[in-house]
Amino acid sequence: MSAALIAEQILNGLQSGMMLFLMAAGLTLVFGVMGLINLAHGSLYMVGAFLAASAAAATGSFLVALAAAMAGAALAGAVVERVVIRRLYDRDHLDQVLATFALILIFSEGTRWVFGSFPLYLDVPDWLSGPVELPGGILYPRYRLALIGAGLAAAAGLGLLVTRTRLGMRIRAGKDDREMIAALGVDIGRLYTLVFALGAGLAGLAGALVGTIRSVQVGMGEPVLILAFVTIVIGGIGSIRGALVGALLVGLTDTLGGILLPRALALVTDPATARTTGAALASMAIYALMAGILVWRPTGLYGARPA
């Protein structure tokens with residue numbers, strides 16, 4: 001296997017990880033601040049992808065499509081938080097799981113009713129199409145490099161928001177002691193709506209960005225949601241830095257495992273068996289990674305240790 005192929009797969013893993021981070025960041029904020037298990041987070045990813053595809057078809061502008069995806073998903077998240085989620089904060093996790101699973105069904109059927117059952121497609125804009133020559137003679141798609149850059153920019157912006165702004169101070173305080181900040185005059189309901197809308201907007205952005213690589217279809221958010229939960233468990237619930245590190249680990253493990261394991265098995269078995277077994281082991285490697293990290297650090301890499 002050539003060094004160029006390995007480098008290309010590492011870049012693919014980074015790109016996959018950065019898109020997964022956009023999903024996991026909102027999920028870990030909601031879970032960490034509100035203590036809410038939100039299975040419908042993947043549906044907001046799907047909504048963002050559909051809004052982006054529709055906006056791009058109507059305007060021909062990729063940037064307008066991204067803005068529509070973020071704004072529409074954030075608005076949908078705010079409405080869901082006020083109408084449904086707000087009634088679940090004091091309920092046990094089983095009620096939260098059942099209610100948000102019902103939201104998955106509502107979003108799926110509602111999206112099918114509005115946009116139809118056929119997949120939509122979002123084209124890569126001309127100014128991001130084509131390859132870029134990297135050191136070592138590697139030709140890599142310009143759009144995938146842009147996805148890595150967009151993910152890094154989102155991570156930096158979210159980190160600054162949480163650590164350097166008044167809103168971020170309230171978010172951190174709300175995670176640690178919501179009763180205290182409510183007693184100090186902070187509108188905790190409004191804060192929760194903002195946090196939920198922020199997470200939904202990030203999920204919608206991820207769906208829009210990935211929509212140019214994969215088809216935009218009903219149900220596209222559920223597989224990504226599973227990986228997002230794995231990511232926040234690895235990184236530590238409530239930690240943005242943990243979500244970033246966890247997403248990169250999951251993206252690299254999935255991508256490199258998918259290319260390296262079949263080639264390694266091909267040395268000892270026939271190619272067909274190597275491909276099928278290698279693909280299965282690559283999927284298992286993500287969960288083996290999670291299990292290993294939890295054995296070492298039960299709260300995740302950057303999760304707060306219990307007092």
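Predicted model: local features only at pLDDT ≥ 70, side-chain atom pairs only at ≥ 80, totals over all residues.
# Notebook: helix α9 and a few other spots

I started just past the end of α9, where Gly236 takes a positive phi of about 110°.

**α9 itself.** I went back into the helix and checked its length. α9 covers residues 221-235, and at 1.5 Å a residue its 15 residues should span 21 Å; I get 21 Å between the end C-alpha atoms, so the two agree. Next I looked up what is buried there. The list runs Gly221, Val224, Leu225, Ala228, Phe229, Val230, Thr231, Ile232, Ile234 and Gly235. What sits over them? The cover includes α1, α2, α10 (240-265) and α11 (271-296).

**Thr231.** Leaving aside residues up to four places away in sequence, I find Thr231 touching Leu20, Ala24, Gly242, Ala243, Gly246, Ala247 and Val250.

**α1 against α8.** Then I turned to α1 (residues 3-34) and α8 (residues 188-210). Their axes come within 8 Å and cross at roughly 165°. Anything over 145 counts as roughly antiparallel, so that is how I logged α1 and α8. The crossing is left-handed. On the α1 side I noted Met19, Leu22, Met23, Ala25, Gly26, Leu29, Val30, Val33 and Met34 as making the contact, and on the α8 side Tyr192, Val195, Phe196, Leu198, Gly199, Leu202, Ala203, Leu205, Ala206, Leu209 and Val210. How many of these contact residues are nonpolar, polar or charged? I have 18 nonpolar, two polar and no charged.

**Ala40.** This one sits in the loop between α1 and α2 (41-59). Buried or exposed? Ala40 is buried, with a relative accessible area of 3%. Not counting residues up to four places away in sequence, Ala40 touches Thr100, Leu103 and Ile104. I also took a distance to Phe62, which is 22 residues along the chain from Ala40: the two C-alpha atoms are separated by 26 Å.

**α5.** Last stop, another length check. α5 (residues 142-164) has 23 residues and reaches 32 Å from its first C-alpha to its last, close to the 33 Å expected at 1.5 Å a residue. For burial in α5 I wrote down Tyr143, Leu147, Ile148, Gly151, Ala154, Ala155, Leu158 and Val162.

Definitions and conventions:
Residues numbered from 1 in each chain as written. Heavy atoms only, no water. Axes fitted to C-alpha atoms, helices over the stretch in contact; angles between N-to-C directions. Helix = DSSP H or I, 4+ residues; strand = E, 2+ residues; numbered from the N terminus. Parallel < 35°, antiparallel > 145°, perpendicular 65-115°, else oblique. Left-handed = near helix turned anticlockwise from the far one by under 90°. Contact = heavy atoms within 4.5 Å. Nonpolar A, V, L, I, M, F, W, Y, C, P; charged D, E, K, R; others polar. Buried < 20%, exposed > 50% of the residue type's maximum accessible area, 1.4 Å probe, protein only. Expected span 1.5 Å × (residues − 1).
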